[in-house]
Amino acid sequence: MATYEYVCLDCGRFDVRLPIGTAPLSRDCSACEREARRVFSPPNFSRVHPALSAALGREERSRDAPTVVSGIPGRRPRPPRPASARLPRP
């Protein structure tokens with residue numbers, strides 16, 4: 001189910017929950033029964049996990065100003081393995 005937003009000239013905005021892709025472009029207002037038109041608004045990202053919100057922000061910023069790599073990044077040293085520390089050394 002998706003939430004669709006409509007605006008009535010008399011009553012203002014109201015939301016309707018309908019199956020995805022089934023919302024008509026106009027609908028009768030639930031309060032005054034006049035025709036209300038559908039408006040398009042951004043999705044509600046306030047309930048998004050902070051990590052996802054940060055990733056979306058980085059992705060959006062990188063569209064216009066991507067970071068440029070001047071060389072091949074170096075290899076990071078591998079952390080020591082605890083099991084190999086107990087093996088005998090030559």
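## Close-up views of a predicted model

View 1. Arg63 and Glu59 share helix 1, which spans residues 50-64. The two residues are 4 apart, about one turn of the helix. This is a predicted model. Arg63 and Glu59 form a salt bridge, and their closest N and O atoms lie 3.2 Å apart. Side chains of opposite charge can pair when their charged atoms come close. Arg63 is exposed, because its relative accessible area is 57%. Glu59 has 36% and so counts as partly exposed.

View 2. Four strands make up an open sheet, in the order 2-1-4-3. Their pairing is antiparallel. Which strands stand at the edges? They are strand 2 (12-18) and strand 3 (26-28). Each has a single partner strand, so one side of each is left without a neighbour in the sheet. From one strand to the next, the twist averages 40 degrees.

**View 3. Strand 1 beside strand 2.** These two strands pair in the antiparallel sense. How many bridges does the pairing of strand 1 and strand 2 run over? There are 7 bridges. Tyr4 has Val16 of strand 2 as its bridge partner.

**View 4. Glu5, a buried residue in a salt bridge.** Glu5 and Arg13 are joined by a salt bridge. The closest N and O atoms of the pair are 2.9 Å apart. Is Glu5 buried or exposed? Glu5 is buried, because its relative accessibility of 17% falls under the 20% limit. Arg13 is exposed, because its relative accessible area of 56% is over 50%. Glu5 also has a bridge partner in strand 4, namely Val39. Strand 1 and strand 4 pair in the antiparallel sense, with 3 bridges.

**View 5. A salt bridge between two loops.** Arg34 and Asp10 meet through their side chains in a salt bridge, at 2.5 Å from N to O. The pair links distant parts of the chain, 24 residues apart. Arg34 sits in the loop between strand 3 and strand 4. Asp10 sits in the loop between strand 1 and strand 2. Arg34 has 41% relative accessibility and therefore counts as partly exposed. How many salt bridges does the structure hold? The total is 3.

**View 6. The hairpin of strand 3 and strand 4.** Strand 3 and strand 4 form a hairpin, with 6 residues between them. Which residue in the turn has a positive phi? Glu33 does, at about 70 degrees. The two strands run antiparallel and are joined by 3 bridges. Asp28 has Glu35 of strand 4 as its bridge partner.

**View 7. The largest pocket.** The volume of the largest pocket is about 200 Å³. Its lining is made of 10 residues. Which of them are the closest to the centre? Thr3, Tyr4, Ser41, Pro42 and Pro43 are. Strand 1 (2-8) and strand 4 (35-39) each supply at least two residues of the lining. Strand 1 gives the largest share, 3 residues. By class, the lining has 5 nonpolar, 3 polar and 2 charged residues.

Key. Residues numbered from 1 in each chain as written. Predicted model: local features only at pLDDT ≥ 70, side-chain atom pairs only at ≥ 80, totals over all residues. Heavy atoms only, no water. 1 Å grid on protein atoms, 1.4 Å probe; cavity = no way out; pocket = protein on both sides within 12 Å on 5 of 7 lines; lining within 4 Å. Points joined across faces, edges and corners; volume = space filled by probe spheres on them. Nonpolar A, V, L, I, M, F, W, Y, C, P; charged D, E, K, R; others polar. Pairing = 2+ DSSP bridges. Axes fitted to C-alpha atoms, helices over the stretch in contact; angles between N-to-C directions. Salt bridge = Lys/Arg side-chain N within 4 Å of Asp/Glu carboxyl O. Buried < 20%, exposed > 50% of the residue type's maximum accessible area, 1.4 Å probe, protein only.
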